[in-house]
Amino acid sequence: INMAEGLDGSHRSSIARALSNLWSSNGSDSEQSSWTFGLSKKERIIGFFLCLTLGLLCFGLALALTPMILVKSRKFAALFTMGSVFSLGSFSFLWGPWAHVKHLFSRERLPFTALYLGTIIATLYFALGVHSTVLTLMFAILQIIALIWFLVSYIPGGTTGLTLMIKLFSGLCTRTVSQAMDA
């Protein structure tokens, strides 16, 4: 299995199965309540959109603090991290918490999940526990990079494409800097 190519067939089919269970009326309520804690289809959809909206709100507030990131880095990091937690947690309403956790910690997803969750925990620790602006800012930047990698990993061929774009961009920057130094 090539992790750089995103989801393999079994994960795509498990996602499709979870979404089809959500949208279809097939399956008994008792069968679905075992993985959704008894929430109805409507309540799961409302929970998903509520968490997703809270996540987007936190991302928006963090983005609003971007001009003052050096002064308010801990607030930015805390808001961005809460946005990540809400957004990531929203899918637990759709898939069910246990299915979502199993998917996130599957062998193919583990490197992405570990890096992303590790940066979330480190950002919160340095922002709320240690109160270190420098370390908070450093881990917030790493968290943003991990989020991009995490999201791109869901696109088939996305990681390969991202690697190619990084190489092209770094080559362009290198050529531009070397031309500016020669002038």
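A: What follows treats the ring pairs and then one glycine. This is a predicted model, in which local features need pLDDT of at least 70 and side-chain atom pairs count only at pLDDT 80 or more, while totals for chains, interfaces and linings use all residues. Residues are numbered from 1 along each chain as its sequence is written, and side-chain values use heavy atoms, with hydrogens and water left out.

Rings of Phe, Tyr and Trp (its six-membered ring) are taken as a pair if their centres lie within 6.5 Å, with planes under 30 degrees apart called stacked, over 60 edge-to-face and the rest tilted; by this rule there are eight aromatic pairs. One of them joins phenylalanine 112 and tryptophan 149 in an edge-to-face arrangement, at 4.5 Å centre to centre and with 65° between the planes. This pair links distant parts of the chain, since phenylalanine 112 belongs to helix H6 (residues 110-130) and tryptophan 149 to helix H7 (residues 133-152), 37 residues apart; helices here are DSSP runs (H or I, at least four residues), numbered from the N terminus. Phenylalanine 112 is buried at 3% relative accessibility, whereas tryptophan 149 is partly exposed at 27%, where buried means under 20% relative accessible area, exposed over 50% and partly exposed in between (1.4 Å probe, protein chains only). Ring pairs also link Phe48, Phe49, Phe91 and Trp95 into a cluster.

Glycine 55 lies in helix H3 (residues 41-64) and is buried, at 0% relative accessibility. Beyond its neighbours within four places in sequence, glycine 55 is in contact (heavy atoms within 4.5 Å) with Gly83, Phe86 and Ser87.

Notes: Helices (H or I, at least four residues) and strands (E, at least two) are DSSP runs, numbered from the N terminus.
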